[in-house]
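Here's a quick briefing to read alongside the model. Have the sequence and the 3D view open as you go.

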Amino acid sequence: MPLRLVVSDFLLKNNRGKQPSGLPRKPLTQLALHRLEHDPDPKGRASAKWEPVFANMTSDHATTVRELLAFYLEAGIDCALGDEPIDHLSAPDLATPNIATPAPASDGPITAKTGTAPVVAARQPSRQATAAPRAGIAPPPDIAIESAREAARTAPSLEALRALLESFEGCALKFTASRLVFADGNPQARLMFVGEAPGRDEDIEGLPFVGRSGQLLNRMIAAIGLKRGDVYIANVIPWRPPGNRTPTPQETQICLPFIRRQIELVNPDVLVTLGNPSTQTLLQTREGIMKTRGRWFDYDTGTRAIRAMATFHPAYLLRSPSYKRLAWLDLRAIAKVLEDKALGQPAST
Ligand code: URA
């Protein structure tokens, strides 16, 4: 019994009215394990509805599938990426990085030329706008970093930057993530938050901070009298690392030019880095969040200095609620600077 049939069947049956590859997808293991729990017919032939799933499945098979799915879950594989399996071992050009010509941006030409070849795939008109490709291989990090720098520098707008990222193939995370998680909120915001990388919920929805930590972030934003739609939210890394693992230093360096350009284009009055990785990457400090939180930094875009503050990541606050008091102090300080700037007063920090 091929597992593929189980996966396809669950996707089809649990995403009614949507194509298997459509949005949003339900988590694979949750659906499959639920199915095995709730209709565990030992011969697998009880229900015509599930006939295709259990057509050739004995109770041994069911146990094997259950164990395999549990193993996947533990390994961080918690949703199906596609409806058809991909045999990576038989892919013809595994050794060759997919380096193609740059894609034009939606609102203006982008000439992402580099000393090395630009790592931007030719636009594929038939591909769903936000869906990441399922197969591919990233080039060596030094080529990818160089290409990212060159490409990001040339993006004239946020839309162009998003288009560039959609076609950028220099970061391996793109090939395991379901889609790009670019940003949410108001591109004209005076306040911008930057987290580390999307998690599972963000990967499913294509928006940053929509899971449990996102809900806490919404409450943090509300605590200073703003709504989520008043601020701009992004991540240093715009693709979910598999199993929510920590991004490697190379992955961070490859994505860094894009988030730096994103900050420059949003040009907020105040930039807030959420948690250690985002703080250390963007504010160029090696100190930990306990030392950096609540302090003002100057974030240098290259053309101007933006006031920046580090605070705790909402996921950390969910695990350690006693630190919410300090996060609240940070938010008060941020609100004060925004107020002073709105009144044209010199910042009082
Ligand atoms: N954590 C992050 O750093 N970013 C998200 O978008 C979600 C969780």
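**Strands, a helix pair and a ligand shell**

In β4, Phe193 has Val272 as its bridge partner. Keep in mind that this is a predicted model, where local features need pLDDT of at least 70, side-chain atom pairs count only at pLDDT 80 or more, and totals for chains, interfaces and linings use all residues. Residues are numbered from 1 along each chain as its sequence is written.

**The chain overall**
- The chain's secondary structure comes to 14 helices and six strands; helices (H or I, at least four residues) and strands (E, at least two) are DSSP runs, numbered from the N terminus.

**Strand β2 and its partners**
- β2 (residues 191-195) has five of its five residues buried.
- β2 runs parallel to β4 (residues 270-274), joined by four bridges; two strands pair if DSSP finds at least two bridges between them.
- Met192 sits opposite Leu271 in β4.
- β2 also pairs with β3 (residues 232-235), again in the parallel sense and over four bridges, with Val194 opposite Ala234.

**Strand β4**
- Five of the five residues of β4 are buried, so the rest of the structure largely encloses this strand.
- Val270, Val272 and Leu274 cover one side, while Leu271 and Thr273 are on the other.
- β4 pairs with β6 (residues 305-311) in the parallel sense over five bridges, and Thr273 has Ala310 as its bridge partner there.

**Helices α5 and α10**
- The axes of α5 (residues 141-154) and α10 (residues 249-266) come within 8 Å and cross at roughly 5°; axes are lines fitted to C-alpha atoms over the stretch in contact, with angles from 0 to 180 degrees between N-to-C directions.
- The two helices are therefore roughly parallel to each other (angles under 35 degrees).

**Around the ligand**
- The residues around the ligand include Gly195, Glu196, Phe209, Asn235 and Ala315; the cut-off is a C-beta atom, placed from the backbone, within 6 Å.
- By class, this shell has five nonpolar, four polar and two charged residues; Ala, Val, Leu, Ile, Met, Phe, Trp, Tyr, Cys and Pro count as nonpolar, Asp, Glu, Lys and Arg as charged, and the others, Gly among them, as polar.

Technical notes:
Buried ≥ 20, exposed ≤ 12 C-beta atoms within 10 Å, placed from the backbone. Parallel < 35°, antiparallel > 145°, perpendicular 65-115°, else oblique.
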